[in-house]
Amino acid sequence: MDTTTVNSNFKSEEYFINMGPQHPATHGVLRLLLTIDGEIIKKVEPDLGYIHRSIEKMCERDSYQQIVHLTDRMDYLSSHINNEAVCLTVENALELEVPERVKVIRTIIGELTRIASHCLWWGVMGMDVGALTTYFYGFRDREMVNDIFEETCGARLTMNYNIPGGLMYDIHPNFIQRTKDFVAHFKTKIPEYDKLLTGNVIFQKRMKGVGILSKEDAISFGASGPVGRGSGYSCDVRKHHPYSALNKVTFNESLKTAGDSLARYEVRIMEMWESLSIIEQLIDNIPEGDYKVTTKAVIKLPKGEYYQKVEAARGELGVYVISTGTKNPYRLKFRSPGFSNISLLNHIAVGGKIGDLVASMATLDIVVPDIDR
Amino acid sequence: MSYFSNIYNGIKSLLTGMGVTGKVFLNARKGTITQQYPENRETLKMFDRFRGEVVMPHDKENEHRCTGCQKCEIACPNGSIEIVWDRVVNPETGKKKKEIDKFVYHLGLCTMCSLCIEACPTDAIVWAQNYENSVYDRSYLTKVLNQPESKLMDGVED
Amino acid sequence: MTNEALQNLIGLWFPNPDADKVSNVVEITETEEGSEETKTQEPINPSLLEFSEEESQFLNILVQPEQLHSLMKQLKSNSETNFDYLYCLSGVDWGAELGIVYHLESTTHRHRIVVKVKTADREGPNFDTVSNIWKTADFHEREVFDFFGVKFNNHPNLKYLFLTEDWEGYPLRKDYVDEINMVIK
Amino acid sequence: MNISLGITKTIHDWLFSVMPEGLASITEMVLIAAVYLAVFAVFGLYLVLLERKVAAWFQLRMGPNRVGFKGLLQTLADALKLVSKELTGTEKADKFLYNLAPYFVIISALMALAVFPFTQEFQAFDINIGIFFLIAISSIGVIGILLGGWSSNNKFALIGAMRSGVQTISYELSIGLSLLTMVLITGSLQLSEIVEVQKNGWLIVQGHIPAIIAFMIYMIAGTAETNRAPFDMVEAESELGAGFHTEYSGMKFAYFFLAEFINMFIISAIATTVFFGAWLSPFGITESIPWLGVFWFLGKVFVIVFLMMWFRWTFPRLRIDQLLTLEWKYLLPINLVNIVVMAFIVWQNLIIQL
């Protein structure tokens, strides 16, 4: 029996309710222990671990090539970026210089991943506040990105396209044309998103001033990605610690200072525009060259500690590797964005209504496998 | 005054939203994005690189290219590949040579990461583009990839 | 700030009370016998903290568990260091020792640092919590508590976050065995 | 061309010829009730199908298209499934109220159907307080929802039920007041007379500006009254799972579901009768061919039903406090002013008569 999780010092008008692990708004198997007074949230306590697979422990027995494919299964919506994080760690540790072509392709696919992830988030966001149609519109556009991935990488979601030293294969001949088509298509769709949801008076009322996170709290809670940037906290890893081809492109860091749910929403919409612009800058300039540098069949990292952070769709993903010079990492820690972001849910939801909790949780953009690595 | 402008702007935004869905509704016939899955099996074509399942192509003489080097087995993160091999004396040269007996592939364990196919020095295994992998019993997911009585193709060395 | 500047600054916060004493002793031995001059070559750490940059991108600080909390507090509050962003908190099992690695970054100065703390006590390891300094440490420390069994003193809500209440053992420790669920290659 | 109505006349005469008068009228009532029940149960099912199809077309999908021709039998199959399903419930539920609740909801929904004038003669029960009766009946349904939510011993259901109570009580005011605005023109609550008045033009035309405002308020309040998105606080899928009917299954769930759709039909039918001239068509076609009036009436109803579906599949849901803000700070004051304006218009005889 799970008696300890129920807080015993309830006030008489408060009651306890279990949201999840099977609940439409928790996006997976996340369990929230809510203390509610009528409709007002008094306390939110996430209970995690329902799908914890201990990827960190599995990494300790796997070779570095094999680790890459495990990261697909963490934040599956930004799998390419997760792959890239591990590959960059290994390449930095080996002091391996990958060809320019690889860097550019990685960045393009990374930004496409971000767009796909935000598309899904947008659809689900709408669904969480009750506009069910958005889900299908978001998926329509995400499907095009997934097709691009499938053609080039062979899989739609868990792509495992990166390998330490480069890419698994070269891009498909259709890749450039398809990406250009998508960019053109998606540019007409984001205004439609704005018309359907962003401008909607009900949506604005639901989001404005809800779930406020101040900048100080955002930093203290380790918020990253759109959650941090919605609070005016400049935390874009792509800006501060650029990796791959990101130092060759110009883009603006999407920042909003309001810190409420609407700000986080708008940051993501702005990020889609920025990602489109990054893709546009790179897609015509993919340099010729090899798509990988051959590494040894057994990769051994020199003894030491390595840390690499990248900007995944949900925020800062960190890979911390302790190597003892063997073919397996001694300890590998993923600093996942979702884990830090979920820890601030209690902070932003208390005092709001149940509807506010759902709306602010949607703007945190939770992917449970990312939290439950 | 803002009371009335609120109402006006509110209604306007609602109508804009209805305009978007209304446009989709009017184009419903050709705008459909869903697919009629079991009916469109003939036209549903996967991309060439699609990772359906690992297969071992055989040519007309029932010959494959697998030398039994076990590189794929080592590369696989999940243990989906098991190679049962034997050393067989080649009657012509008299040399002992590694030869596969069974190339066992557990589709149920496979995560489609493509590391085995990257590792294969002789291109003996490739991806198949099939996508209907559901079976009635888990044991059907364990497959032997080399066909019975198949031989190693001539001239294939790792 | 550069790593060197950071080292000089932070090192002064926790002066080693033995530093003078030890160096005196060394000086005496030096005057008595010349052959033991090699000993004096070893620099005596003037601080209780150990700094190193070997095998790492960042400046590493090894701190004793007793000084951990005051060091962390100062790292955040001091305006020159201002490490307000704890971006990674990892538990590590070094075999003989258990420890925590804190990765810190300053959002104003954009410098990074790594703080490590270790204990040889594998039965009941405990450190001071830093969750009252960085709120994100709340969940991260609970994660470490789950997987390494490290207790955090003064933590507001230290209970299993991922594991069930009746879980035995600490899965991410090196000596953890679970023959049913773990596939060992 | 009095085919359909001719049959009822024949049956009426036959019944009264074979039975004593009291028994005959009771038998006739039961017969009519049974016919209404059967017709509207099937009609409700097809409304569900329509909803699903329309939703699909809004969402780039096809909707149900496998069962029967173009999926026409889909909801019948669903109904069969629901009938054959096991009725489950919670252990510590208040069994009596738990079982009673669905009937409250469905019966109140079906009762309201009695008073609609489908044509001049096709009206089961032409009561002289028609509008009043409709408002009264439609508010009984919420009791069923409250009972269901409370008795099923589930906190999500309870929250849903309480929301429903708050919502329905608030929005009934607007429904009542907006209909009252129109009653000022007709001077009668009897539906047949309201239709009669509209032979000089639909009431929404007669009453022009205040009537249009009243119609808009009526549509908003009506959507809220039926607990449909954007006012589906009661079910609020992403917040409460399934809301008040979380613990219901099988046929009991189907009653709730069916009632929702019949309620939607009722709200649209009231709008048609009060604002859009019920079965009245231009050039008096439906007066000379009465059975055509049924289709004319249903056609108008479907336009309004479609409008409600369009709302549902476009708008996000309101939050509970915003729901009340909308009612008490916007709809109610506007409505009160509107009713005064309408009174002024009727007094000064500024009505547009065609």
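In H6(D), the buried residues are D:Gly141, D:Val142, D:Gly144, D:Ile145, D:Leu146, D:Leu147, D:Gly148, D:Gly149, D:Trp150 and D:Ser151. Buried here is a count: 20 or more other C-beta atoms lie within 10 Å of the residue's own, while 12 or fewer makes it exposed and anything in between partly exposed, with C-beta atoms placed from the backbone. Helices (H or I, at least four residues) and strands (E, at least two) are DSSP runs, numbered from the N terminus.

Before going on, please remember that this is a predicted model, where local features need pLDDT of at least 70, side-chain atom pairs count only at pLDDT 80 or more, and totals for chains, interfaces and linings use all residues. Residues are numbered from 1 along each chain as its sequence is written, and chains are lettered from A and ligands numbered from 1 in the order in which they are written.

So what covers the buried residues of H6(D)? The cover includes four helices of chain D: H4 (95-112), H5 (130-138), H7 (155-186) and H12 (250-275). Just after H6(D), have a look at D:Asn153, which takes a positive phi of about 55°.

Now step back to the whole of chain D. An automatic or database domain assignment provides the domain bounds, and chain D is divided into domain 1 (1-84) and domain 2 (88-347). Their C-alpha centres lie 20 Å apart. Domain 1 of chain D brings 21 residues to the contact and domain 2 of chain D brings 20; two residues are in contact if their C-beta atoms, placed from the backbone, lie within 7 Å. On the domain 1 side, the elements giving two or more residues are helix H1 (3-18), helix H2 (21-58) and helix H3 (74-84) of chain D. Which of these gives the most? That is H2(D), with 12 residues. By class, this side of domain 1 has 16 nonpolar residues, four polar and one charged. For the classes, Ala, Val, Leu, Ile, Met, Phe, Trp, Tyr, Cys and Pro count as nonpolar, Asp, Glu, Lys and Arg as charged, and the others, Gly among them, as polar.

Next, which chains touch? Chain A meets chain D, with 26 residues from chain A and 22 residues from chain D. On chain A, strand S1 (15-19) and the helices H4 (100-128), H5 (133-153), H7 (201-207) and H14 (354-364) each supply at least two residues of that side. Its residues are 13 nonpolar, six polar and seven charged.

Chain A also meets chain C, where 28 residues of chain A are in contact with 27 residues of chain C. Strand S7 (315-323) is one of the elements of chain A that supply at least two residues here, and S7(A) gives the most, with four residues. This side of chain A has seven nonpolar, 11 polar and 10 charged residues.

Some pairs stay apart. Chain B and chain C do not touch, and their nearest C-alpha atoms are 9 Å apart. Chain C and chain D have no contact either, with their closest C-alpha atoms 24 Å apart.

Last, two helix pairs. Two packed helices are described by the angle between their axes and the distance between the axes. The axes of H6(A), residues 175-198, and H1(B), residues 2-26, come within 7 Å and cross at roughly 130°. That makes H6(A) oblique to H1(B): angles under 35 degrees count as roughly parallel, over 145 as roughly antiparallel, 65 to 115 as roughly perpendicular and the rest as oblique. The axes are lines fitted to C-alpha atoms, for helices over the stretch in contact, and angles run from 0 to 180 degrees between N-to-C directions. In this pair, A:Glu192, A:Lys195 and A:Leu196 meet B:Thr16, B:Gly17 and B:Val20.

Within chain A, the axes of H5(A) and H6(A) come within 11 Å and cross at roughly 170°. These two helices are therefore roughly antiparallel to each other. Their contact includes A:Met144 and A:Ile148 of H5(A), and A:Phe182 and A:Phe186 of H6(A). By class, the residues of this contact are eight nonpolar, four polar and four charged.
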